[in-house]
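Work through the exercises below with the sequence and coordinates open. Each task is followed by a solution in steps.

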Amino acid sequence: EAEASQEALQELHFMHEVVERDFLDVLALEFRTALRSNSKYNGLRRRAGDVVAEARQRTLAHSASVPSLSEICAATGVGQTRLFECFQEAHGLAPYKCLMSFRLCAAHERLTDKDNPAQSVKQVALDTGFAKAGRFAQCFFEQFGERPSEVLGRTRKERMSS
């Protein structure tokens, strides 16, 4: 009787291990399936385009206070090394230069919007995260080859003639 009881206990312990192992296998399968079906992930590694798009959105959404690289890393869920890799892969630029370009493009759009013209270059600079209008004008000129005041003046002139 003691031997039969010992065998039953061993069999119960074995069954418990099998159930636990099967449960973990099913859980792992569900996790892998969920990751594969989510387009933001390639295995466990975020895709470069998704990381860059999220960083761009974060930067433009909070343009009055430009987020630091560590804030962008926290928001996108990647480390600084991966963030640099993603920007290099997607745009061939470092994150700072690429995000600066995004902000300048947003400023250009504001300066050329005929339906809702900007009040001043300084306001556009502040709205896109530049604390100093002179620095904004310099960066804008480097990217677009013309001063922001010229762009705003041309937009106002075109709006008046329409």
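Buried means under 20% relative accessible area, exposed means over 50%, and partly exposed lies in between. The model used here is predicted.

**Exercise 1.** Classify Arg82 and Glu85 by relative accessible area, and state how their side chains meet.

Solution. 
- Step 1. Arg82 has a relative accessible area of 16%. This is under 20%, so Arg82 is buried.
- Step 2. For Glu85 the relative accessible area is 35%, and therefore Glu85 is partly exposed.
- Step 3. The two side chains form a salt bridge, with 3.4 Å from N to O. The cut-off for such a pair is 4 Å.
- Step 4. Both residues belong to helix H4 (residues 80–91), where they sit 3 residues apart, about one turn of the helix.

**Exercise 2.** Locate the partners of the salt bridge between Glu158 and Lys114, and classify each by accessibility.

Solution. 
- Step 1. The N to O distance between the side chains of Glu158 and Lys114 is 3.3 Å.
- Step 2. This pair connects distant parts of the chain, 44 residues apart: Glu158 is in helix H8, and Lys114 is in the loop between helix H5 (95–111) and helix H6 (121–127).
- Step 3. Glu158, at 32% relative accessibility, is partly exposed. Lys114, at 38%, is also partly exposed.

**Exercise 3.** Where is Glu146, and which residues does Glu146 touch?

Solution. 
- Step 1. Glu146 lies in the loop between helix H7 (133–144) and helix H8 (148–161).
- Step 2. Leaving out residues up to four places away in sequence, Glu146 touches Phe140, Phe141, Val151 and Arg154.
- Step 3. With Arg154 there is a polar contact between side chains, at 2.9 Å.

**Exercise 4.** Which residues of helix H3 (residues 69–76) are buried, and what arc do they cover around the axis?

Solution. 
- Step 1. The buried residues of H3 are Ile72, Cys73 and Thr76.
- Step 2. Their arc around the axis is only 100°, so they are on the same side of H3.
- Step 3. Just after H3 comes Gly77, with a positive phi of about 75°.

Conventions. Residues numbered from 1 in each chain as written. Predicted model: local features only at pLDDT ≥ 70, side-chain atom pairs only at ≥ 80, totals over all residues. Heavy atoms only, no water. Helix = DSSP H or I, 4+ residues; strand = E, 2+ residues; numbered from the N terminus. Polar contact = N/O pair within 3.5 Å; in protein donor to acceptor, adjacent residues only side chain to side chain. Contact = heavy atoms within 4.5 Å. Buried < 20%, exposed > 50% of the residue type's maximum accessible area, 1.4 Å probe, protein only. Arc of directions from axis to C-beta.
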